[in-house]
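User: I am new to this structure and would like to learn how to read it. Please take me through it one feature at a time.

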Amino acid sequence: VTDAAEVIARACRSVREKAHKKYVESGKVCAEMYEHYFRVLETALLHAIVDRGGDDVHYYDELSKLVPSLGKEEYRAHHKSKIEYLGRIAHRQALKELKKIF
């Protein structure tokens with residue numbers, strides 16, 4: 001399991017680094033929120049790939065734990081599409097790497 005967790009962390013780190021210019025440097029997302037995205041994504045991927053149990057991790061619920069002032073409307077308008085897109089990329093990359101290992 002630790003190997004899978006490491007692969008997921010690496011995938012998130014890789015996507016975070018590659019997309020930084022597009023999101024943070026362009027001003028679409030502040031640096032702090034961008035880091036929160038990847039904390040949420042790593043948690044969600046660990047749950048989806050490693051734990052494979054219970055309820056799904058919902059991005060809004062996890063992000064609002066890190067940013068208590070985040071309302072659902074603000075999330076939908078400014079963050080939902082970005083975090084879901086980054087999550088899909090990280091998920092694909094993690095699965096691709098895990099298939100090579102296992």
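Reading the pocket, the rings and the helices

Analyst: In the lining of the largest pocket, α2 and α4 each supply at least two residues. Keep in mind that this is a predicted model.

User: How is such a space found, and how much space lies in the largest pocket?

Analyst: Rolling a probe the size of a water molecule over the atoms shows where empty space is left. In this model, the largest pocket holds about 190 Å³ of space.

User: Which residues line the largest pocket?

Analyst: Its lining consists of Ala44, Leu45, His47, Ala48, Asp56, Val57, Tyr59, Glu84, Gly87, Arg88 and His91. By kind, the lining residues divide into 5 nonpolar, 3 polar and 3 charged.

User: Tyr59 is on that list. Where does Tyr59 lie, and what is Tyr59 in contact with?

Analyst: Tyr59 lies in helix α3. Leaving aside neighbours within four places in sequence, Tyr59 is in contact with Val40, Leu41, Ala44, Tyr75, Ile83, Glu84 and Gly87.

User: Which residues of helix α3 are buried?

Analyst: A residue counts as buried when its relative accessible area is under 20%. In helix α3, residues 59–66, the buried residues are Tyr59, Tyr60, Glu62, Leu63 and Ser64. What covers them includes α2 (31–51) and α4 (72–101).

User: Let us take Tyr75 next. Where is Tyr75 found, and is Tyr75 buried or exposed?

Analyst: Tyr75 is found in helix α4. With a relative accessible area of 6%, Tyr75 is buried. Apart from neighbours within four places in sequence, Tyr75 is in contact with Tyr59, Tyr60, Leu63, Leu70, Lys80 and Ile83. Tyr59, Tyr60 and Leu63 are among the buried residues of α3.

User: How do I compare separation along the chain with separation in space?

Analyst: Set the two values side by side for a pair of residues. Tyr59 and Tyr75 are 16 residues apart in sequence and 9.5 Å apart in space, C-alpha to C-alpha. For Tyr75 and Ser64, the separation is 11 residues along the chain and 8.9 Å between the C-alpha atoms.

User: What does the comparison give for Leu98 and Asp3?

Analyst: Leu98 and Asp3 are 95 residues apart along the chain, and their C-alpha atoms are separated by 8.8 Å. Leu98 lies in helix α4 and counts as buried, at 9% relative accessibility. Beyond its neighbours within four places in sequence, Leu98 is in contact with Ala4, Val7 and Ile49.

User: Is Lys96 buried or exposed?

Analyst: Lys96, also found in helix α4, is exposed, with a relative accessible area of 54%. The C-alpha atoms of Lys96 and Val7 are separated by 9.8 Å, with the two residues 89 apart along the chain.

User: How many aromatic pairs does the structure hold?

Analyst: The structure holds 4 aromatic pairs. One of them joins Tyr34 and Phe38 edge-to-face, at 5.0 Å centre to centre and with 65° between the planes. The term edge-to-face applies because an angle over 60 degrees between the planes is required.

User: Why can residues placed like this along a helix meet?

Analyst: An α-helix has 3.6 residues a turn, so residues three or four places apart point the same way. Tyr34 and Phe38 are 4 residues apart in helix α2, which means about one helical turn separates them. Both are buried: Tyr34 has a relative accessible area of 0%, and Phe38 has 1%.

User: Which residues form the aromatic cluster?

Analyst: Tyr23, Tyr34, Tyr37 and Phe38 form one aromatic cluster.

Terms used:
Residues are numbered from 1 along each chain as its sequence is written. This is a predicted model: local features need pLDDT of at least 70, side-chain atom pairs count only at pLDDT 80 or more; totals for chains, interfaces and linings use all residues. Side-chain values use heavy atoms; hydrogens and water are left out. Buried means under 20% relative accessible area, exposed over 50%, partly exposed in between (1.4 Å probe, protein chains only). Contact means heavy atoms within 4.5 Å. On a 1 Å grid over the protein atoms alone, a cavity is a set of points where a 1.4 Å probe fits but cannot get out, and a pocket is an open set with protein on both sides within 12 Å along at least five of seven lines; lining residues have an atom within 4 Å of a point. Grid points are joined across faces, edges and corners, and a volume is the space filled by probe spheres set on the points. Ala, Val, Leu, Ile, Met, Phe, Trp, Tyr, Cys and Pro count as nonpolar, Asp, Glu, Lys and Arg as charged, and the others, Gly among them, as polar. Rings of Phe, Tyr and Trp (its six-membered ring) pair if their centres lie within 6.5 Å; planes under 30 degrees apart count as stacked, over 60 as edge-to-face and the rest as tilted.
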